[in-house]
Amino acid sequence: MSSSTTAGESPIAEATPLSLCSREPRVPAERLVAEMVPPPRFDSVRFSTYIPDPNQPSQTEAVQVLESFAAGLGGAHAVGGGKRGFFGLGRPKAPKTPAGPRGVYLDGGYGVGKTHLLASLWHATPAEPSLKAFGTFVELTNLVGALGFQQTVKTLSGHRLLCIDEFELDDPGDTVLVSTLLGKLVDAGVALAATSNTLPGKLGEGRFAAADFLREIQGLSAHFRPLRIDGEDYRHRGLPEAPAPFGDEQVTKAAYATEGASLDGFPQLLEHLAKVHPSRYGALTDGVTAVCLTDVRPVPDQSTALRLVVLADRLYDREVPVLASGLPFDQLFSEEMLKGGYRKKYFRAISRLTALARDAKSIVRTD
């Protein structure tokens, strides 16, 4: 491809774009533990940067409750190794040990700021970063897979707080696994916080997601206080509709003109994801400044779709824009998928990829 330009234009980079399909990262278990912190997108968020919708009083209430919850964790876990007490037993007069549930569950729809609030709770909790853990449900199950159940319990039992974003209720095996893990951690004195999503069509049904969550974790339900957060998806609030896909040539030019961009055919990328464990999808995008995809088409099957959801989450966490040709992202999943058991994941992926597609408009060449 030529790098010649006319006056005023940015030259097309000489280097060939990166290819996600050429990467097969190996991630040591210790990196999985060290990376259990809020992702880059939420590095700087705080309760003070969360702007409640004045028409949704539940948002203001959630901030107030979580600020109090974070402050109460200051003395909830003695500093040291695994000998940190059991759920406060034996220390009933500890001045800062919070009364009532030692966990909070943020219940609400897409884009109301649940992850922002969860990350703010992590930042506000008065403990060293090494004593707090933050990860998605999938990342937590991946950690168990990498370390083993007992080692995961040992590793996290010394923490003051464990935040679980996007708690998944659609896989009974994983739900039981994580529920058992959380039971062990609660016994060790770890405070818990979690989020999940209410389906877009279920927003008028009160505590639909909270009821699901509390039922699935069964014996742990008493440890959680549900906080309902109402509101519309902020990613679409006052913003234009998702941009239409670009042409193959535009996507390719943008990839060559953007330092650190990757360029892959969408069907080929889907095939490659099957060869990489989802716990490595974050590492797959290391150093990538933009993901450029050609020939986006409907995802062929559910296994492939679920892998794509994990990749979308990692890209969103890292604020990596996604530029694509082919079909728009809201046509990735079939109607059957969007009505099935994994529909929450697919709606989340559509919402996040749409936001990243908007971000990618700035790298498109208009000539």
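Author: Happy to. In β7, T294 is the bridge partner of G265. This is a predicted model, where local features need pLDDT of at least 70, side-chain atom pairs count only at pLDDT 80 or more, and totals for chains, interfaces and linings use all residues. Residues are numbered from 1 along each chain as its sequence is written, and side-chain values use heavy atoms, leaving out hydrogens and water.

Reader: In which order do the three strands of the open sheet lie?

Author: Strands here are DSSP E runs of at least two residues, and helices are H or I runs of at least four, numbered from the N terminus. Two strands pair if DSSP finds at least two bridges between them. The pairing is parallel, and the order is β6-β7-β8.

Reader: Which are the edge strands?

Author: Each edge strand pairs on one side only. They are β6 (261-265) and β8 (322-326).

Reader: How many of the 11 residues of helix α3 are buried?

Author: Buried means under 20% relative accessible area, exposed over 50% and partly exposed in between, with a 1.4 Å probe and protein chains only. Among the buried residues of α3 are H116, L117 and W122. Helix α3 (residues 114-124) is largely enclosed by the rest of the structure, because the buried count is nine.
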